[in-house]
Amino acid sequence: MTDSDVNFEKLVACAFERDDRAPDFDQTWRAAESRYTRGRRYRALSGLAATVTAVAILLKVLAPAPTQLPLIEMGELLGTTSWQAPSDVLLPERQIDIYQDLPDLIESTDGTGEALL
Amino acid sequence: MRDGDALENNPHISRSALEAMHDQVFSWALSRCDFDRAAAEDLMQQAYVELLSGSARFEKRSSLRTFVFAVVQNLARSRFRRLASRLRLVSRYAQEPPAEQMDAGVEESRSEVWRAVHRLPPRQRDVIELVFCRDMTVEEASTVMGVSVGTGRVHYDRAKKTLRNNLRQTVAAPE
């Protein structure tokens, strides 16, 4: 390398000079360690959340499909049961004209005076 | 390397070795961040996090200094790519010469050199900075920049030639 090369390098290098005092190493290192620890914790939590989500999705996907209940024929069902409304006694086919004949209704208690107990 | 000084996830790196080169690496980080100190300090912390976590793992394929410079370079590149930092850098320093305690003649000359450096394409500027200011060989600079040695040499030669031509008219740059 010639002198002119050396001078040229010095000239260019001089242009790069700035106030480049570095911050304290220990301070920078501690900050980096703290950032690293926080990052690890965050990654661990993220991993846990991702695992839980994945397991939930897997359980949902792998869960057995609900079994099909057998269909019941309506005719069969009607033959097995009967039901009568309490007011059926009032219907005309029972030969009771509710406007003429009041059916005897069973009273739960006897009347005492005019009070119905 | 002191006993027990090696990093857990990076056994070939010791804390003391990093401390020894801290100033040089910070200077490089500062340059990567448009000389923004806060950004450079943040970049340094992030670089150390990469080393602590083993995300950037040193396998002794280069010197430790070259490796750490490359880590800083890669982090800065990914961080500032979107911000077009180079554009800001060029506009800032092309118009505002740095204020230093130097006499006016030297200052003017330095600004001219600085403008000439910043007219270089980014990789040429990087290789010039690494070789001229960080005392690296072209091979080491190529490693830091992530290019082959041949490519690094081409960038270096072109940068020198361009700089000489640009400076010839304004500064008495020796041929």
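Visitor: What percentage of the 117 residues of chain A count as buried?

Guide: A residue is buried if 20 or more other C-beta atoms, placed from the backbone, lie within 10 Å of its own, exposed if 12 or fewer, and partly exposed in between. In chain A, 8% of the 117 residues count as buried. This is a predicted model, in which local features need pLDDT of at least 70, side-chain atom pairs count only at pLDDT 80 or more, and totals for chains, interfaces and linings use all residues. Residues are numbered from 1 along each chain as its sequence is written, while chains are lettered from A and ligands numbered from 1 in the order in which they are written.

Visitor: Which elements does chain A have?

Guide: Helices (H or I, at least four residues) and strands (E, at least two) are DSSP runs, numbered from the N terminus. Chain A has 3 helices and 2 strands, in the order α-α-α-β-β from the N terminus on.

Visitor: How many residues of chain B are in contact with chain A?

Guide: Contact requires C-beta atoms, placed from the backbone, within 7 Å. On that basis, 30 residues of chain B are in contact with 23 residues of chain A. H3(B) gives the most to the side of chain B that touches chain A, with 7 residues.

Notes
Contact = placed C-beta atoms within 7 Å.
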